[in-house]
Amino acid sequence: MNILPKYFQKKTSLTLKSALEECVLADSERSKSFIYKKFYGYLMAVALRYVKDEMEAEDVVNESFVKIFRKVRDFSFDSDDQVIEKTFKAWMARVTVNTSIDKIRAKKETYALDDVHDGELAQHAVNSSTRLEENDILNLLYGLPEIQRSIFNLYEIEGYSHEEIGKLLNIPESTSRTYLTRAKARLRKLYTDQFSVLDNINHS
């Protein structure tokens with residue numbers, strides 16, 4: 001017996017809302033394929049903020065989609081398409097962030113503090129009038145140790161509190177604050193180093 005509504009049975013074009021409904025009602029491959037293709041690039045961009053290696057990021061994204069399709073019944077989509085897309089992307093991003101953090105935690109790295117001192121913070125002032133391209137920012141982030149990059153992303157981009165970050169990474173809240181301070185210091189240094197090189201090239 002076909003439990004899908006008639007408009008699904010007729011194989012009409014999918015919208016995000018209808019694809020989500022079809023996922024819940026029938027766990028159909030076409031609806032999952034629609035969602036996967038629509039948001040794969042978006043989730044890759046999220047994963048790459050945490051995981052430097054592209055193949056590892058692909059693993060994170062595919063694992064995230066498995067979780068998303070398994071938990072899609074928990075997502076509320078009783079709104080119009082624009083609202084649904086915004087809230088669904090935020091929901092998927094959080095799943096992907098958590099999956100990225102799980103992968104980082106699984107490496108069981110020793111999170112030793114680096115040699116960047118608090119005094120260096122004042123030495124690397126960033127010119128706020130300079131606008132960086134997205135790829136430039138990503139490359140700067142890749143210059144951070146993985147744990148610092150994760151904390152910077154979680155706090156500055158995802159909006160997690162230090163308490164939440166501590167629970168996610170199994171570290172004290174104070175350690176999260178320390179790593180964020182050092183991440184910012186290192187970013188300032190990487191930024192000034194990179195742009196002083198470019199300055200020298202431009203004036204040579």
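The side chain of S18 reaches the backbone nitrogen of T15 at 2.8 Å, a polar contact in the sense of a pair of N or O atoms within 3.5 Å, where one must be able to donate a hydrogen and the other to accept it, and where residues adjacent in sequence count only if both atoms are side-chain atoms. S18 itself sits in helix α2, residues 16-26; helices here are DSSP runs (H or I, at least four residues), numbered from the N terminus. With a relative accessibility of 9%, S18 counts as buried, given that buried means under 20% relative accessible area, exposed over 50% and partly exposed in between, using a 1.4 Å probe and protein chains only.

A word on what you're looking at: this is a predicted model, where local features need pLDDT of at least 70, side-chain atom pairs count only at pLDDT 80 or more, and totals for chains, interfaces and linings use all residues. Residues are numbered from 1 along each chain as its sequence is written, and side-chain values use heavy atoms, with hydrogens and water left out.

Now follow α2 onward. D27 lies in the loop between α2 and α3, and its phi is near 50 degrees, a positive value in a residue other than glycine. At 44% relative accessible area, D27 is partly exposed.

How do the two helices pack? Two packed helices are described by the angle between their axes and the distance between the axes. The axes of α2 and α3 (residues 29-48) come within 8 Å and cross at roughly 135 degrees; axes are lines fitted to C-alpha atoms over the stretch in contact, with angles from 0 to 180 degrees between N-to-C directions. That makes α2 oblique to α3, since angles under 35 degrees count as roughly parallel, over 145 as roughly antiparallel, 65 to 115 as roughly perpendicular and the rest as oblique. On the α2 side the contact (heavy atoms within 4.5 Å) is made by L16, A19, L20, E22 and C23, and on the α3 side by R30, S31, K32, F34, I35 and F39.

Further along comes helix α8, residues 162-169, whose buried residues are H162, I165, G166, L168 and L169. They cover an arc of only 165 degrees around the axis, so they are on the same side of α8; the arc is that of the directions from the helix axis to the C-beta atoms.

Just after α8 comes N170, with a positive phi of about 60 degrees. N170 belongs to the loop between α8 and α9 (173-203), and at 62% relative accessibility N170 counts as exposed.

Notes: Helix = DSSP H or I, 4+ residues; strand = E, 2+ residues; numbered from the N terminus.
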